[in-house]
Amino acid sequence: MPNTISSVALIDLPYFRRDGGELVVMETGVIPFSIERVFNVCAEIDAIRGNHAHRKCIQFLTCVSGGVEVLCDDGTKTSTYVLDSPRQGLLVPAGIWARQTYKQENTVLTVLCDRGYEEEDYIRDYTEFSAYRKKLSAHV
């Protein structure tokens, strides 16, 4: 069965404050998959990034600085999430279209993935994504 909007999840991360500092933990076990790839994305206010889906890759997005709005779309329903604290992240399963809009200066989005980079895993055209979702649903 293909992933749906109900498969997208906000996850609170373990947070510790002491000795005048803060620590947020992101590791396998807290993140519900084995982490294979990590990258940061920085962009100007109102920049749109992402705007694609993955066939296989699961992603976990967390905003370590600033704020970003994430629109998730399963081909039928959409939902918007605001990430503006490093204490929380968004699990985006495979087959979900995700678009990030950067809302503050100096925003840094950290993305953890269960797979390495594979260009063939990306669906970058929304029409192609719609056809992919229809094909998945037909096989259920």
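Trainee: In which strand is Phe16 found?

Mentor: A strand here is a DSSP run of E with at least two residues, whereas a helix is a run of H or I with at least four, and both are numbered from the N terminus. Phe16 is found in strand E2. Please note that this is a predicted model, in which local features need pLDDT of at least 70 and side-chain atom pairs count only at pLDDT 80 or more, while totals for chains, interfaces and linings use all residues. Residues are numbered from 1 along each chain as its sequence is written, and side-chain values use heavy atoms, with hydrogens and water left out.

Trainee: Is Phe16 buried or exposed, or does it lie in between?

Mentor: The classes rest on relative accessible area: buried is under 20%, exposed is over 50%, and partly exposed is in between, with a 1.4 Å probe and protein chains only. Phe16 counts as partly exposed because its relative accessibility is 41%.

Trainee: Which residues does Phe16 touch?

Mentor: Contact means heavy atoms within 4.5 Å. Not counting residues up to four places away in sequence, Phe16 touches Gly21, Glu22, Leu23 and Val25. By contrast, the C-alpha atoms of Phe16 and Arg55 are separated by 35 Å; these two residues are 39 apart along the chain.

Trainee: How do strands E2 and E3 run, and how many bridges join them?

Mentor: Strands of a sheet pair through backbone hydrogen bonds, either parallel or antiparallel. The rule used here is that two strands pair if DSSP finds at least two bridges between them. Strand E2 (residues 15–18) and strand E3 (residues 21–24) run antiparallel and are joined by four bridges. Arg17 stands opposite Glu22 in E3. The two strands form a hairpin with two residues between them, and Asp19 in the turn has a positive phi of about 55 degrees.

Trainee: In what order do the strands of the open sheet that holds E1 and E4 stand?

Mentor: Five strands form this open sheet, in the order E1-E9-E6-E11-E4, with antiparallel pairing. Strand E1 (9–12) and strand E4 (37–43) stand at the edges with a single partner strand each, so one side of each is left without a neighbour in the sheet. From one strand to the next, the twist averages 25 degrees. For such angles, axes are lines fitted to C-alpha atoms, for helices over the stretch in contact, and angles run from 0 to 180 degrees between N-to-C directions. E4 runs antiparallel to strand E11 (residues 107–113), with seven bridges between them, and Phe39 stands opposite Val111 in E11.

Trainee: Which strands form the open sheet that includes E7?

Mentor: That open sheet has five strands in the order E8-E7-E10-E5-E12, again with antiparallel pairing. Its edge strands are E8 (78–83) and E12 (122–123), each of which pairs on one side only. Six bridges join E7 to E10, and Val68 stands opposite Tyr102 in E10.

Trainee: Where is Asp73 placed, and what is it in contact with?

Mentor: Asp73 lies in strand E7 (residues 68–73). Asp73 counts as buried because its relative accessibility is 8%. Leaving aside neighbours within four places in sequence, Asp73 is in contact with Ile5, Thr78, Ile96, Trp97, Tyr126 and Phe129.

Trainee: How much space lies in the largest pocket, and which residues are closest to its centre?

Mentor: On a 1 Å grid over the protein atoms alone, a cavity is a set of points where a 1.4 Å probe fits but cannot get out, and a pocket is an open set with protein on both sides within 12 Å along at least five of seven lines; lining residues have an atom within 4 Å of a point. Grid points are joined across faces, edges and corners, and a volume is the space filled by probe spheres set on the points. The largest pocket holds about 280 Å³. Of its 20 lining residues, Phe39, Gly50, His52, Gln59 and Gln100 are the closest to its centre. Strand E5 supplies the largest share of this lining, five residues.

Trainee: What lines the largest cavity?

Mentor: The largest cavity has about 50 Å³ of space. Its lining consists of Arg37, His54, Cys57, Cys113, Arg115, Gly116, Tyr117, Glu118, Asp121 and Tyr122.
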